[in-house]
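Good morning, and thank you for the time. Please look at the sequence and the structure as they come up.

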Amino acid sequence: LTKEELWERDLKIGEAVHDPEEEEYDAEKSKTLRAEELNTYYSHLGSYDETYQWHNIETLVEVDGRTAGTIKMVLIPRGNNEGNFHEASDAHSRKLQEVGWKLCDNIGWP
């Protein structure tokens, strides 16, 4: 999925986001906000956390032209000598934090 597709899915675009008759809609402002969000919260890998720099990566698995499943993963950069790997995994989710503590040290090494 492209970052544009992820953004639209995350915000459920297409489900009556606005009604031009009920509210003032500024298309240029909306376009600018969308571009800012795409640059801040999405990368070429997927959704992105600006603070801890982890990426949510999702891809479709296709067999014979049909979707057979999906693969979802999280890419967390190894910490530097300050050791922020466990903080990053905790910021993502409790499940990832539990696995991170069991498998890695504070800079992300096994």
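I shall go through the chain as a whole, then a strand pair, then a helix pair.

This is a predicted model, in which local features need pLDDT of at least 70, side-chain atom pairs count only at pLDDT 80 or more, and totals for chains, interfaces and linings use all residues. Residues are numbered from 1 along each chain as its sequence is written, and side-chain values use heavy atoms, with hydrogens and water left out.

The chain has four helices and three strands, arranged along the sequence as α-α-β-β-β-α-α. Helices (H or I, at least four residues) and strands (E, at least two) are DSSP runs, numbered from the N terminus. Of the 110 residues, 21% are buried, that is, under 20% relative accessible area with a 1.4 Å probe, protein chains only.

Next, the strands. Strand β2 (residues 55-63) and strand β3 (residues 66-75) run antiparallel and are joined by nine bridges; strands pair if DSSP finds at least two bridges between them. E58 stands opposite K72 in β3. Two residues separate β2 from β3 in a hairpin, and D64 in the turn has a positive phi of about 55 degrees.

Finally, the helices. What is the angle at which helix α3 and helix α4 pack? Helix α3 (residues 85-92) and helix α4 (residues 94-103) pack at about 155 degrees, with their axes 6 Å apart. Therefore α3 is roughly antiparallel to α4, a term for angles over 145 degrees. Axes here are lines fitted to C-alpha atoms over the stretch in contact, and angles run from 0 to 180 degrees between N-to-C directions. Residues in contact have heavy atoms within 4.5 Å; F85, H86, S89, D90 and H92 in α3 meet L96, Q97, G100 and W101 in α4.

Technical notes:
Buried means under 20% relative accessible area, exposed over 50%, partly exposed in between (1.4 Å probe, protein chains only). Angles under 35 degrees count as roughly parallel, over 145 as roughly antiparallel, 65 to 115 as roughly perpendicular and the rest as oblique.
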